[in-house]
Amino acid sequence: MKTLFSCLALVLAIALGLAATLGPGLLEKSMNIVLPQVETPLSDEAIALHSTLTIGDLHTDSTLWQRNLSQRSDRGHVDLPRLREGNVALQMFTSVTKSPAGQNYEKNSTEARDNITLLAVLQRWPVRTWSNLTERALYQAERLQALAADHPQELGIITSQVDLERVMAARTAGSKMVGGLLGTEGSHALEGELANIDRLYDAGFRMMGLQHFFDNRLGGSLHGTSGAGLTEFGRAAVAAMDERQIMIDVAHSSEAVVADVLAMTDRPLIVSHTGFNGHCDSPRNISDALMLEIANEGGLIGVGYWDGAICTPTPAGIVEAIRYGIELVGEDHIALGSDYDGTIAAPFDTSGLILLTQQMIEQGMSEAQIRKVMGENMLRFLRENLPPAN
């Protein structure tokens with residue numbers, strides 16, 4: 001009998017080991033997808049222009065996944081080699097801490113099962129992250145900081161205007177260094193404690209989303225059950241973020257929350273990854289009228305690459321959404337907000353961004369518009385809204 005139990009224990013240990021080793025990769029391959037596309041020859045014009053662009057992306061969830069971002073991977077959408085291939089200068093890395101099973105755009109109860117708990121255990125994250133959302137965000141920040149420390153010529157962490165100019169100067173001198181910024185995917189990571197804003201700020205976070213797929217202590221999610229605006233705690237959190245010059249992202253916030261934040265802050269907002277409801281009628285997108293209000297206050301809107309945001313996830317479909325946004329809010333308020341590695345199916349990974357440049361040319365966008373949307377708007381916004389120094 002002891003022999004039988006020993007054998008069963010060995011089989012179980014082997015099974016758990018295989019699940020921990022192979023499971024995360026297989027899971028990510030099934031969730032972060034690159035869609036097959038018809039190959040299109042690149043024009044000389046697109047190749048020449050793309051090499052001179054300053055390119056920035058307001059949203060990727062790459063730190064959620066337990067793979068080595070210094071190496072080119074056969075899964076997911078973003079790593080340092082592919083960022084360099086795509087000529088990306090600025091990349092916002094957003095830390096996901098809570099996400100519901102199914103990621104329903106219409107409605108999610110706060111009691112819905114959280115996917116990130118299981119993912120943290122499966123990927124063998126530190127035990128401190130298994131039940132604490134603040135620790136999940138901090139762990140993802142630690143991973144990005146370690147990546148930059150190990151590859152200082154390839155990744156520079158940006159927490160201030162000084163850091164930003166250092167990265168841009170290096171690129172002007174010929175470096176392919178990527179400037180990485182830290183943001184949160186919702187403020188679930190605060191765990192209901194204002195003091196955690198300081199902890200996250202000290203860890204390098206300079207953009208904070210307010211909600212993700214669930215309502216939280218700050219207020220209603222666009223995909224929650226209440227539709228509520230900012231709570232008293234939410235108002236206090238927004239005020240604290242303003243005081244620390246933390247950029248506020250309302251990508252998943254209820255329309256009532258967005259309206260409340262617009263009313264209480266003079267600092268411009270970010271919608272880091274989205275589409276336009278007038279272009280793609282989706283519960284993922286807030287109203288065009290509210291988008292216009294955000295832009296009128298100097299805000300920046302990152303256009304996503306997946307079907308829930310833009311309806312047609314092709315290079316042409318992304319550019320059509322961008323052009324709609326330009327017509328709605330103006331060319332100074334549109335940026336890229338891929339939602340790479342955010343369990344989406346995208347038409348290309350970050351190494352294929354030249355396909356957007358080519359489509360923008362083909363759809364008649366001017367060179368000035370292309371430069372702004374591909375990254376100059378993001379660069380300007382960061383110069384104006386990051387803290388001057390660390």
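Helix H6, residues 161-172, packs against helix H14, residues 367-385, at an angle of about 145°, and their axes lie 9 Å apart. Axes here are lines fitted to C-alpha atoms, for helices over the stretch in contact, with angles running from 0 to 180 degrees between N-to-C directions. Helices are DSSP runs (H or I, at least four residues), numbered from the N terminus. This is a predicted model, in which local features need pLDDT of at least 70 and side-chain atom pairs count only at pLDDT 80 or more, while totals for chains, interfaces and linings use all residues. Residues are numbered from 1 along each chain as its sequence is written, and side-chain values use heavy atoms, with hydrogens and water left out.

H6 passes H14 in a left-handed crossing, that is, the near helix is turned anticlockwise from the far one by less than a right angle; clockwise would be right-handed. From H6, the contact (heavy atoms within 4.5 Å) involves Gln161, Leu164, Glu165 and Met168, and from H14 it involves Leu379, Leu382 and Arg383. By class, these residues are four nonpolar, one polar and two charged. In this scheme Ala, Val, Leu, Ile, Met, Phe, Trp, Tyr, Cys and Pro are nonpolar, Asp, Glu, Lys and Arg are charged, and the others, Gly among them, are polar.

The axes of H5 (residues 133-150) and H7 (residues 195-202) come within 10 Å and cross at roughly 10°. The two helices are therefore roughly parallel to each other, a term for angles under 35 degrees. Their crossing is right-handed. Thr134, Glu135, Ala137 and Leu138 of H5 meet Asn196, Arg199 and Leu200 of H7, a contact with three nonpolar, two polar and two charged residues.

Next, the pockets. A pocket is an open set of points on a 1 Å grid over the protein atoms alone, where a 1.4 Å probe fits, with protein on both sides within 12 Å along at least five of seven lines; lining residues have an atom within 4 Å of a point. Volume is the space filled by probe spheres set on the points, which are joined across faces, edges and corners.

The largest pocket holds about 460 Å³. Among its 30 lining residues, Met31, Ser99, Gln103, Asn115 and Thr343 are the closest to its centre. H4 gives the most to this lining, with five residues.

The second largest pocket holds about 260 Å³. H13 gives the most to its lining, with four residues.

Note on methods: Parallel < 35°, antiparallel > 145°, perpendicular 65-115°, else oblique.
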